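My notes follow in the order in which I went through them.

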Amino acid sequence: MSSPTWDPALYTAFGDHRSRPFYDLTGRVAAVAPRRVVDLGCGPGELTASLGERWPGAQIEGVDTSESMLDAARSRFAGRERLAFTHGDILHWEPDEDVDVVVSNAALQWVPGHQGLIGRWLEQLSPGAWLAVQVPGNFSAPSHALMRELAESSQWDHRLRGVLRHTDAVSEPGDYLELMLEAGWDGDVWETTYSQVLTGEDAVLNWVRGTGLRPVLDALSAEEAAQFEEQYNQLLFDAYPATERNGVVTTVYPFRRIFCVGRKPA
């Protein structure tokens, strides 16, 4: 599956909900004075820049394949010392000797076989280095299951066959922990389900438009995409009923995430 196209504004529409797992993840990294910190799949760069505030003496580098995301990051943080955004494919990235912290937040699910990549990084990173990874663990949730069912229906199968991955997109928490322990690392792995309260009409559809629905939208024409979204949104209404309270429409959207943090013994 090729990398989907990204819309920085759409991705950041739910900024608080998307940023919280990043801070929960990096909060477990106890590096004191790292030389170089790399954020793989940095997106529009706001969270990457926060790493420079935490470690002001470090060189911070954000890496992404999306030129639109990188343009947004470079524009917003132009002139920021010790902060750079570079184009690169996670699949081919390798750590230099001075990389002390590697972060990847909600990116590796797009990389088939990323478990092998993690294993390679665990071997290549220098003693004392930290690795922190977060991936969504909600591929069996109604939002994703309904998307796949619709994509596999007789109307859409001929256009969307093979577009969506699910069974092999991510591993279970224990599998990530085993990777770290087998490599001789100290590992800390956990999962959290965030009961996200989204506001506005079509809230869940708007959420997945920024992430999981991107491969479908890329594969269809604008007219087809609008038709698919209309059908999909009706399924979402039934799975995630909205409630109006004090004039505000809200929808509860549970979202499971898997966290993996480790340190290579010095």
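I began with the contacts of Ser143 (heavy atoms within 4.5 Å) and, leaving out residues up to four places away in sequence, I found that Ser143 touches Asn138, Val204, Val208, Tyr232, Leu236, Tyr240 and Tyr253. The model is a predicted one, in which local features need pLDDT of at least 70 and side-chain atom pairs count only at pLDDT 80 or more, while totals for chains, interfaces and linings use all residues. Residues are numbered from 1 along each chain as its sequence is written, and side-chain values use heavy atoms, with hydrogens and water left out.

I placed Ser143 in helix H6 (residues 142-151); helices (H or I, at least four residues) and strands (E, at least two) are DSSP runs, numbered from the N terminus. I noted that Ser143 is buried, at a relative accessible area of 0%, where buried means under 20%, exposed over 50% and partly exposed in between, with a 1.4 Å probe and protein chains only. The side chains of Ser143 and Tyr253 are joined by a polar contact of 2.8 Å, that is, a pair of N or O atoms within 3.5 Å, one able to donate a hydrogen and the other to accept it, with residues adjacent in sequence counted only if both atoms are side-chain atoms.

Next I turned to strand S4 (residues 99-105), where seven of its seven residues are buried. S4 runs parallel to strand S1 (residues 36-40), to which four bridges join it, and also parallel to strand S5 (residues 130-136), through five bridges; strands pair if DSSP finds at least two bridges between them. From S4 the chain crosses through helix H5 (residues 114-124) to S5 in a right-handed β-α-β crossover, meaning that, with the strands pointing away from the viewer, the path from the first strand over the helix to the second runs clockwise.
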